[in-house]
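Please read them with the structure open beside you.

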Amino acid sequence: MTDIFDVIADGTRRDILQLLLRRTSEGETGTSVSQIVADLGISQPTVSKHLKVLRDAELVTVREDGQRRFYSLAVEPLEVVDDWLVPFLVDAFGDDAPDIQYPGAPLPDGAAHAAEVVGRAAASAKHVVASALKRLGA
């Protein structure tokens with residue numbers, strides 16, 4: 001499998017991922033290549049090339065409808081990036097880590113606060129355990 005960091009290092013692929021995320025949050029069940037071309041203003045061959053890389057990295061799924069293909073975001077592989085990045089945020093900011101805006105449906109205030117507290121505690125605990133194991137040579 002391609003290193004996910006290599007895949008998302010490309011700005012055009014990040015633009016495609018952001019477009020798919022936005023369209024998903026707007027209730028779309030898939031985005032055609034022609035819609036991506038129109039929204040991003042880049043050529044169809046370029047979009048197709050980048051979609052192949054994203055497909056190979058399992059960052060997008062494709063649904064075929066006749067001759068047309070509709071692409072959707074697959075967020076699970078991005079958890080690798082999240083797992084790698086969160087300890088840096090916790091180390092750098094502690095309780096003052098910046099809020100990450102997700103354009104999906106908002107959680108009720110109580111649920112959002114609870115999710116944030118649990119998420120930060122889990123990230124912090126994971127980092128502490130990983131650091132301790134590293135120091136022990138495990």
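1. Accessible areas come from the Shrake-Rupley method with a 1.4 Å probe. On that basis the protein, which is a predicted model, exposes about 9,300 Å², and carbon and sulfur atoms supply 56% of that area. Of its 138 residues, 25% count as buried.

2. Confidence should be kept in mind throughout. The average pLDDT of the protein is 80, and 70% of the residues score at least 70. Helix H4 has the highest confidence, with a mean of 95, whereas helix H6, residues 109-136, has the lowest, with a mean of 68.

3. As to the overall arrangement, the protein has six helices and three strands, and their order along the sequence is α-α-β-α-α-β-β-α-α.

4. Which residues of the largest nonpolar core touch the most other members? This core has 18 residues, and those with the most such neighbours are Leu17, Leu20, Ile36, Leu51, Leu54 and Leu59. Two or more residues each are given to the core by helix H1 (4-8), helix H2 (11-25), helix H3 (33-40), helix H4 (44-56) and strand S3 (68-73). The largest share, four residues, comes from H2. In soluble globular proteins, nonpolar side chains tend to be buried together.

5. Leu54 deserves a look of its own. Once its neighbours within four places in sequence are left aside, Leu54 is in contact with Val7, Arg13, Ile16, Leu17, Leu59 and Val60. Of these partners, Leu17 and Leu59 are also listed among the core residues that touch the most other members.

6. Gln44 lies in helix H4. Is this residue buried, partly exposed or exposed? Gln44 counts as partly exposed because its relative accessibility is 42%, and the range for that class runs between 20% and 50%. Beyond its neighbours within four places in sequence, Gln44 is in contact with Val33 and Val37. Gln44 and Val33 are 11 residues apart in sequence, while their C-alpha atoms are 7.1 Å apart in space.

7. Leu85 belongs to helix H5, which covers residues 78-93, and since its relative accessibility is 38%, Leu85 counts as partly exposed.

Key: Residues numbered from 1 in each chain as written. Heavy atoms only, no water. Core = buried A, V, L, I, M, F, W, Y, C linked by side-chain atoms within 4.5 Å. Buried < 20%, exposed > 50% of the residue type's maximum accessible area, 1.4 Å probe, protein only. Contact = heavy atoms within 4.5 Å. pLDDT = per-residue confidence, 0-100.
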